[in-house]
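Dear colleague,

Please find below the structure that I am handing over to you, together with its sequence. My notes on it follow directly after.

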Amino acid sequence: MRDLLSGALAAGTLTIALFFFRFWRQTNDRLFVLFAVAFALLALNAATLGLTDPSNEFRVAIYGIRLAAFLVILYAI
């Protein structure tokens, strides 16, 4: 069940990233491309967490991807 939810979250955030990318191509506004990058990083984070074993100690390092996404959002704002 965890794998299914992680996959759905990854697909949803990747869809949002594609919408922001489309808006960036229409307006050439830097905010949209940075939001697209941030949501793509969040999709990568969800997919990576869904594919790794929950007992793996390396999972803590994967949350660095989420931190990078939030830092990109802060920089964009």
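A crossing of two helices is called left-handed if the near helix is turned anticlockwise from the far one by less than a right angle, and right-handed if clockwise. The crossing of H1 and H2 is left-handed. Helices here are DSSP runs of H or I with at least four residues, numbered from the N terminus.

This is a predicted model, in which local features need pLDDT of at least 70 and side-chain atom pairs count only at pLDDT 80 or more, while totals for chains, interfaces and linings use all residues. Residues are numbered from 1 along each chain as its sequence is written, and side-chain values use heavy atoms, with hydrogens and water left out.

**Helix packing**

H1 and H2 pack at an angle of about 165°, and their axes are 8 Å apart; axes are lines fitted to C-alpha atoms over the stretch in contact, and angles run from 0 to 180 degrees between N-to-C directions. The two helices, H1 and H2, are therefore roughly antiparallel (the word applies to angles over 145 degrees). Their contact comprises 20 nonpolar, four polar and two charged residues. Nonpolar covers Ala, Val, Leu, Ile, Met, Phe, Trp, Tyr, Cys and Pro, charged covers Asp, Glu, Lys and Arg, and the others, Gly among them, are polar.

Helix H2 (residues 30-51) also packs with helix H3 (residues 59-76), at an angle of about 165° and with axes 9 Å apart. H2 and H3 are therefore roughly antiparallel as well, and their crossing is left-handed. Among the residues that make this contact are Leu34, Phe35 and Leu41 of H2 and Ile62, Tyr63 and Val72 of H3. By class, the contact of H2 with H3 has 17 nonpolar, two polar and three charged residues.

**Threonine 13**

Threonine 13 belongs to helix H1 (residues 2-27). Its relative accessibility is 10%, so threonine 13 counts as buried (under 20% relative accessible area, with a 1.4 Å probe and protein chains only). A polar atom of its side chain lies 3.2 Å from the backbone oxygen of alanine 10, and the side chain of threonine 13 also reaches the backbone nitrogen of alanine 43 at 3.4 Å. Beyond its neighbours within four places in sequence, threonine 13 is in contact (heavy atoms within 4.5 Å) with Phe39, Leu42 and Ala43.

**Asparagine 28**

Asparagine 28 is located in the loop between H1 and H2. Its phi is near 55°, a positive value in a residue other than glycine. Most residues other than glycine have a negative phi.

Yours sincerely

Key. Buried means under 20% relative accessible area, exposed over 50%, partly exposed in between (1.4 Å probe, protein chains only). A polar contact is a pair of N or O atoms within 3.5 Å; within protein, one must be able to donate a hydrogen and the other to accept it, and residues adjacent in sequence count only if both atoms are side-chain atoms. Angles under 35 degrees count as roughly parallel, over 145 as roughly antiparallel, 65 to 115 as roughly perpendicular and the rest as oblique.
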